[in-house]
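Please keep the sequence and the 3D view at hand while reading.

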Amino acid sequence: MIDLDDTDRALVLALAKDAGASAGSLGRELGLSQPACWRRIQRLREAGVFRKPRLDLDLGALGFGVTVFLGVKLATKGRVSLEDFERAVSAIPEVQIVEHVLGAFDYRLRVVARDIPDFERVLRRRIMTLPGVGRVEANVVLTEERRPGPL
Amino acid sequence: MLDDTDRRILRQFQAAPDLPGAELAERAGVTPSTLARRLAAMRDKGVLRGTRGVIHWPALGYELEVSLRVALDKTVSSAFDEFIVAARQVPEVIEIQTFLGSIDVRLAVIARDLTHYQQLYRGRILTLPHISDIEALMHVALVKSDETVPL
């Protein structure tokens, strides 16, 4: 685990907002020279502080009006391997997130669709037909916010 | 609206948001100046809001992530607003979604370990207002997380 000072924490937060920000402009904001700032960013990256960045897109403007969170319970554990299920579900383009969880469900999925009929098509034709799928619970996202976290 | 060139650019960009511009232009089959012009236009239109860094919390000592699925007491008309305002005060809450479905709100909560989670859950989460039911899914493995859309 990497230890962060206040400047590192400010850098992590700034890069979370804008992953493409340059060492020069971040350095100016934080009172660091460009090389000093670059070295700190390198140290954070090497310590694995960041996953692959993601584009923040206006999904509505792109025609994706619906985001649904699904809880999936496998029906036939033992007969279908988790790897088979994971490979098949990850290959569905509308499925953005697949997470193996413990609790009332075995997997949680995040799915995008153009509208509710389009979601129903994805659910019926792609998800309900996956190997081993049992109970599925769908919740349609109304609002979402991502918080900066405990830094 | 976006044309095929815009979509091709976004498709390549979302697959590799950290790619240098020259390489992205090549993958999208456009010249670097076309790429810069198209990206600027999509930013102006608000379709492309930015590139977000995604923090890998385990590298910062937060080993645990839990999805809390919350049902609220809807007999109180201000339940949603008051719950969300209070949840924002908990730094370890990194995502808040509201839903149309069998659950009302999801909180993504990170913690250093099980002891820390227990403290958070009892001291900060169960004390949030208007909870009528709460259920936890502990994250075991992130199988897919690129959050791309099928453009």
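## Chain A as a whole

Of the 151 residues in chain A, 26% are buried. A residue is called buried if 20 or more other C-beta atoms lie within 10 Å of its own, exposed if 12 or fewer do, and partly exposed in between, with C-beta atoms placed from the backbone. The model is predicted: local features need pLDDT of at least 70, side-chain atom pairs count only at pLDDT 80 or more, and totals for chains, interfaces and linings use all residues. Residues are numbered from 1 along each chain as its sequence is written, while chains are lettered from A and ligands numbered from 1 in the order in which they are written.

Chain A has five helices and five strands, in the order α-α-α-β-β-α-β-β-α-β along the sequence. Here helices (H or I, at least four residues) and strands (E, at least two) are DSSP runs, numbered from the N terminus. The radius of gyration of chain A is 20 Å, well over the 15 Å from the globule rule for 151 residues, so chain A is more spread out than a compact globule. That radius is taken over C-alpha atoms, and the rule is 2.2 Å times the number of residues to the power 0.38. Along the principal axes, the C-alpha atoms of chain A fill a box of roughly 55 × 40 × 25 Å.

## Where the chains meet

How many residues of chain A are in contact with chain B? The contact involves 56 residues of chain A and 51 residues of chain B, where two residues count as in contact if their C-beta atoms, placed from the backbone, lie within 7 Å. On the side of chain A that touches chain B, the largest share, 10 residues, comes from E5(A). By class, this side of chain A has 31 nonpolar, nine polar and 16 charged residues. Ala, Val, Leu, Ile, Met, Phe, Trp, Tyr, Cys and Pro count as nonpolar, Asp, Glu, Lys and Arg as charged, and the others, Gly among them, as polar.

E5(A) also pairs with strand E3 (residues 93-100) of chain B, in the antiparallel sense and over six bridges; strands pair if DSSP finds at least two bridges between them. A:Val141 stands opposite B:Phe99 in E3(B).

## Nonpolar cores

In soluble globular proteins, nonpolar side chains tend to be buried together. A nonpolar core is a set of buried Ala, Val, Leu, Ile, Met, Phe, Trp, Tyr and Cys residues joined through C-beta atoms within 7 Å. The largest one has 59 residues, and A:Leu109, A:Val111, B:Leu107 and B:Val109 have the most contacts inside it. A second, separate core of seven residues includes B:Leu10, B:Phe13, B:Leu24 and B:Leu35.

## Two residues with positive phi

Most residues other than glycine have a negative phi. B:His130 is not a glycine, yet its phi is positive, about 70°. B:His130 lies in the loop between helix H5 (114-125) and strand E5 (131-144) of chain B. Is B:His130 buried or exposed? B:His130 is buried, because 20 other C-beta atoms lie within 10 Å.

B:Glu147, also not a glycine, has a positive phi of about 50° and is found in the segment after E5 of chain B. B:Glu147 counts as partly exposed, because it has 17 C-beta neighbours inside 10 Å.
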